[in-house]
Amino acid sequence: MKSVRWIWLFGPLALSAATFDADTYKKNVTYLASPELKGRATGSPELEKAAAFIASQFKAFHLKPVDGKNYEISFPADIGANMGPNNKLAFEEKGHKESLKLAEDFQPLSMSTSGKFSSGVVFAGYGITSKEQNYDDYAGLDVTGKLVLILRHEPQENNDHSSFDGRKLTSHATFIDKMETAKRHGAKGVLFINDLPQHPDSTDKLEEFGSTGGPKNSGIFFVQVKAATAEKWFEAEGKSLADIQKGIDADLRPRSFAFSNLHVNLDVDLFRINKTVHNVAGYLPGSTQEYVIIGAHYDHLGTSVEYSLAPNAKGQIHPGADDNASGTAGVIELARYFSSTYSDKNLPKRGILFMTFAGEEIGLLGSSWYANHPLLPIENAVAMLNLDMIGRIREGRVFMSGSQTGGPELSKLIAGVPVPASLRVDETGKNSGTNMNDASDHASFVAKKVPSLFFFSGLHGDYHKPTDTPDKIDAEDAVKLLDYVAGIANALSAAPDRPSFVKVEAAPPGPVSGNGGRSGYGADFGSIPDFNEPPKGVRFADVRAGSPAAKADLRAGDILIEFDGKEMGNLYDFTYALRDHNPGDEVLVKVLRSGQTIVAKVLLTQRR
């Protein structure tokens, strides 16, 4: 099916010869999500093959390389960690010495810090401190400078009436939460074991290295050991691990203690993997220096299980047909349409920059890099239109957010663009900026004060699973959405005046944020994090106007290194530190700014 585009040019409607082709769109999705491209993991040869394909399309459409030379724009990416040759764990207990075998008896997690450490061990139950449940495994314990041994998950997870959340696991069960809790209590490292009594049908399996998410370096050691090893440690103390766990589950009373004769020698040897990867860009020049960005990320998960929602999919290709071959094919189709509509003798008023980004799935790397190293002046970008998961429109409903970032001018412009009759645009977050799945590439441009719109067809059961396949893509509805996006892009290109950027009053709620999470309660700080992390600390992509951080004269580009006396190594440290505070608390913070350390007092307020 072909959709003919009526172009709204602030005057009579004019019929363009250019069309959108559902068959071409579906063909491009199918190739990008094919077994040949193996899920397009950032840093993989298959991602580079996808980049070459997109570049070939832009070249065929006679778009211009932004730098005048290459469609592919290189940037460095930290794509994960590998284990070095010196990972060791040995223990001594009452004169008995034993060395454990890597990948058989113990395994570091990729979020662990590296180095050597020797310490006594303290058992800290499930490693949970929770005010909500009035539960604290660390109560009365001194774990400063020690290794803590903790159980996976949380108490009473098989109890429908558990105060944690019945049978539904809470955030206290996550590795991130346990790591941050141990760190806040002063521990230098975590040894964790499977909670087998609550999972009688499970084996004592070690986590595969690289299969879990988290910071690049948590700042503490984080290692799994087999429960069978820990059981021997308990037996040497005259205790039963199974009985202790059952006791905690029975009455939610902690049973933590320090091992009297156990000493562990730990050597964790990890190194980061850095590769050069590519964004792909093609430019349709306008008669002015201003331009509109139309973008999508083209990477996905490959065969990694780190961000997979199918835990038993080890080694399986995650095709990423909807996420985000659908958006990438949309950018290609829009590029084809616009290059057919305009020519060197018929330029749009404002140019259009077509971009596909790498590294979105591991932290908005490509869009963040480009926004911080633009090849066209970022101040000339009048708007950014982001397409992420547009291929599975259901009952004609599509989501659009971000109109508030462009003020009344953008809202008025959008209202003048006809919506295809079979589509229903749900304009989400109208009063709170871009709040629909904000951990996507438009966030990088919002941080640079570029008004941004986000187009999204909604989550589904195949998200981040091997079952996100091309056969489930609705190409006909997708090109109808592209027809609508083209109308907005045309209107932005031709408008007499550009939209005025408006800072929204709600911080982007990504996976973790400077506001400590997704809920609307708790203490507000007011920073918007840069997901492309510095080596250490938390860089602010922006600071919301009127927020506590703004009132303390904190600024975009500042790197938070200390919060209320605690060192901030990464965004997770900040999130959990903020979660420990209440509105009305005044905290002392330290940030790095242009090589100087700035000290400021921040009065936290109620988050709305």
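The numbered points below go from the whole chain to its sheets and then to single residues.

1. Basis of the note. This is a predicted model, in which local features need pLDDT of at least 70 and side-chain atom pairs count only at pLDDT 80 or more, whereas totals for chains, interfaces and linings use all residues. Residues are numbered from 1 along each chain as its sequence is written, and side-chain values use heavy atoms, with hydrogens and water left out.

2. Overall dimensions. The protein chain contains 12 helices and 28 strands (DSSP runs, H or I of at least four residues for helices and E of at least two for strands, numbered from the N terminus). Its radius of gyration is 26 Å, close to the 25 Å that the globule rule gives for 608 residues, so the chain is as compact as a globular protein of that length. The radius is taken over C-alpha atoms, and the rule is 2.2 Å times the number of residues to the power 0.38. Along the principal axes, the C-alpha atoms fill a box of roughly 85 × 50 × 45 Å.

3. Of the 608 residues in the protein chain, 57% are buried (under 20% relative accessible area, with exposed meaning over 50% and partly exposed in between; 1.4 Å probe, protein chains only). Among contacts (heavy atoms within 4.5 Å) with a separation of 6 or more, 77% are between residues 24 or more positions apart.

4. Eight strands, in the order 5-4-13-7-10-11-12-6, make up an open sheet with mixed pairing (two strands pair if DSSP finds at least two bridges between them). Its edges are strand 5 (96–100) and strand 6 (106–108), each of which pairs on one side only. From one strand to the next the twist averages 30°. Within this sheet, strand 11 (residues 189–193) and strand 12 (residues 221–225) run parallel and are joined by four bridges; Val190 has Phe222 of strand 12 as its bridge partner.

5. Helices 3 and 4. Helix 3 (residues 175–184) lies across strand 10 (147–151), strand 11 and strand 12, at about 145° to strand 10. Axes here are lines fitted to C-alpha atoms, for helices over the stretch in contact, and angles run from 0 to 180 degrees between N-to-C directions. In helix 4 (residues 227–236), the buried residues are Ala227, Thr229, Ala230, Trp233 and Phe234. These cover an arc of only 155° around the axis, which puts them on the same side of helix 4; the arc is that of the directions from the helix axis to the C-beta atoms. Gly238, with a positive phi near 75°, follows helix 4.

6. Strand 18 (residues 397–401) and strand 20 (residues 452–456) run antiparallel through three bridges, with Phe456 of strand 20 as the bridge partner of Phe399.

7. Strand 16. Strand 14 pairs with strand 16 in the antiparallel sense over five bridges, and Gly282 has Phe354 as its bridge partner. Strand 15 runs parallel to strand 16 and is joined to it by seven bridges; Ala296 stands opposite Thr356.

8. Positive phi values. Most residues other than glycine have a negative phi, and most peptide bonds are trans. Lys38, although not a glycine, has a positive phi of about 45°, and phi of Arg40 is likewise positive, near 55°. Is each buried or partly exposed? Lys38 is partly exposed, with a relative accessible area of 43%, whereas Arg40 is buried, at 1%.
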